[in-house]
Amino acid sequence: MDGDGAIDPWSSEGDTNYSRIVNKFGLQKVDPSLLPNPGLLHRRGIVFAHRDLDVAVRCIRDGSPLGVLTGLMPSGGMHLGHSMVIEQVKWFQQQGADVTVAVADLEALATRGISLSDGRRTAIEEYVLNYAALGLDPSNSSVYFQSARPDVQRLGFELGRRTNLSEFEAIYGFTGNTNLAHVQAPMVQVGDIVHPQLEDFGGLRPIVVPVGIDQDPHLRLTRDIVAKTHWFNINPRKSGGLTISLSIQDDNSKIFGVENGGRINREIRASIFQRVIEIVSTLGFADSIPNPKHGILEIPGATNSDKYSIRLRLLGLERELGGLGLMTPCSTYHRFAPGMTGGKMSSSKPESTIFMNDTIDTMSKKVKRAVSGGKSTVEEHRRMGGDCSKDVPFKYLEFFFEEDDTAIYDIKREYESGRMLAGEMKQLCIEKASEWLEEISEKREMWRDRIGEFLAPDSN
Ligand code: TRP
């Protein structure tokens, strides 16, 4: 499949031609200069793409509610690759977002045969403990288990009405042989992603989901489904401005004044329009052109950047009228750090990455054996310089261990000029990684008895 632009969320293979993925799936590129306090992963272009990140940034800037949600597959040990999502979650949390973490125990059962009790142990001892050690703040973080949260499963089931097997075949490549638990897993993930917007879990607000690019199929599915549930559509108006139109569906046609024969009840329709016009005018658009019969309201004075505030208010109205009123989720995508042995990082190949629990000794051995961008002889290296783009120890400093941008810049210059040798790069990586691992390990011990602070009440 490599190179054809397909993404399989359950495979460790896959496409890493990032610009092709961005184009094919219509992602937006991240511009770090537009972010408040950009983090390391943003500044270094590692978080490279997004969907609707501007919506989340807007919440950060005006201090309005924002949720961040991530999920973990409780299989194998936690390694550096997994820490990247947590760095992003932490960044959103520092900018004011509340945090929800889904333990994908149902998905691990469906796709890896991991029992719920094993999944639970792994989730807590391996993942949540390390999240705490990495600096996630428990005061507004909440970890739950898919198997223990009926609202997630109910939403997944309910929203299943908005998709079908053909879409699943197209997105995930499922076939007649795919077992049904596996077919259900993506719908549970849809439930994970949207449920923080339920009243019991924080209510209507944008939710941003930071993931590796392999998880984008789930976001495409969720966004697609959520858009289908909307009772009001907002589209560009042909001659400038925006158009709001009623999306008449089985569950709202009566409420929107459609009578049995298809006739429109003018009074009901007029009262709905009254509400919409009220919303539009409180947002500052004095002139709007209503056409209740066709279910359309034109707002010539609105621009695309008003879409978000109009959307949020209309979702509130949708909820009042009995709809789900869900915001489409936002997402960000990070590049994958290279595996130490050349291929990808994978839990099933321990030599391909550094685990949070690795001893300094194990880590050092891995770094010493890692793929290097150095030349084969010292003479050649001094003359031609090293290649940072292929050098795993350099990449790991850049992705994980060296926080100082100036230091990274200097290391790169030294290496590429040939002044710094491959062995010296490895040594530097080992030093920085040792500090990093030691700190994580100390913090793990600090948190070991306090993990309960991260767990949601329904996860006990
Ligand atoms: N499918 C994810 C994985 O393989 C885990 C997951 C479950 C998840 N629910 C989620 C990730 C919601 C992000 C958002 O790791």
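**Reading strands, rings and a ligand site**

Me: Which residue lies over the face of Tyr18, and at what distance from the ring centre?

Reply: A charge sits over a ring if NZ of Lys or CZ of Arg is within 6 Å of the ring centre and within 35 degrees of the ring normal. Here, Arg335 is positioned over the face of Tyr18, at 5.1 Å from the ring centre. Likewise, the charged end of Arg120 sits over the ring of Phe145, 4.6 Å from its centre.

Me: On what basis are such values given?

Reply: The model is predicted, with local features requiring pLDDT of at least 70 and side-chain atom pairs pLDDT 80 or more, while totals for chains, interfaces and linings use all residues. Residues are numbered from 1 along each chain as its sequence is written, and side-chain values use heavy atoms, leaving out hydrogens and water.

Me: In what order do the strands of the open sheet stand?

Reply: Helices (H or I, at least four residues) and strands (E, at least two) are DSSP runs, numbered from the N terminus; two strands pair if DSSP finds at least two bridges between them. The open sheet has 7 strands in the order E1-E2-E11-E6-E3-E4-E5, with mixed pairing. Strand E1 (28-29) and E5 are at the edges with a single partner strand each, so one side of each lacks a neighbour in the sheet.

Me: How is E4 joined to E3 and to E5?

Reply: Strand E3 (residues 67-72) runs parallel to E4, and 6 bridges join them; Gly71 has Ala102 of E4 as its bridge partner. E4 also runs parallel to strand E5 (residues 141-145), through 5 bridges. There, Thr100 is partnered by Ser142, and Val101 stands opposite Val143.

Me: Why is E4 described as largely enclosed?

Reply: Buried means under 20% relative accessible area, exposed over 50%, and partly exposed in between (1.4 Å probe, protein chains only). Of the 6 residues of strand E4 (residues 98-103), 5 are buried, so the rest of the structure largely encloses this strand.

Me: How many aromatic pairs does the whole structure contain?

Reply: A pair of aromatic rings is described by the distance of the centres and the angle of the planes. Rings of Phe, Tyr and Trp (its six-membered ring) pair if their centres lie within 6.5 Å; planes under 30 degrees apart count as stacked, over 60 as edge-to-face and the rest as tilted. The search finds 13 aromatic pairs. Phe168 and Phe174 form a tilted pair, 6.0 Å centre to centre with 55 degrees between the planes; Phe168 and Phe174 are both buried. Trp231 and Phe256 have ring centres 5.7 Å apart and planes at 75 degrees, so this pair is edge-to-face. Trp231 is buried at a relative accessible area of 2%, and Phe256 is buried at 0%.

Me: Which side chains have a polar atom 2.7 Å, 2.8 Å or 2.9 Å from a nitrogen atom of the ligand?

Reply: A polar contact is a pair of N or O atoms within 3.5 Å; within protein, one must be able to donate a hydrogen and the other to accept it, and residues adjacent in sequence count only if both atoms are side-chain atoms. An N or O atom in the side chain of Glu107 is 2.7 Å from a nitrogen atom of the ligand. For Asp192, the distance from a polar side-chain atom to a ligand nitrogen is 2.8 Å, and for Gln215 it is 2.9 Å.
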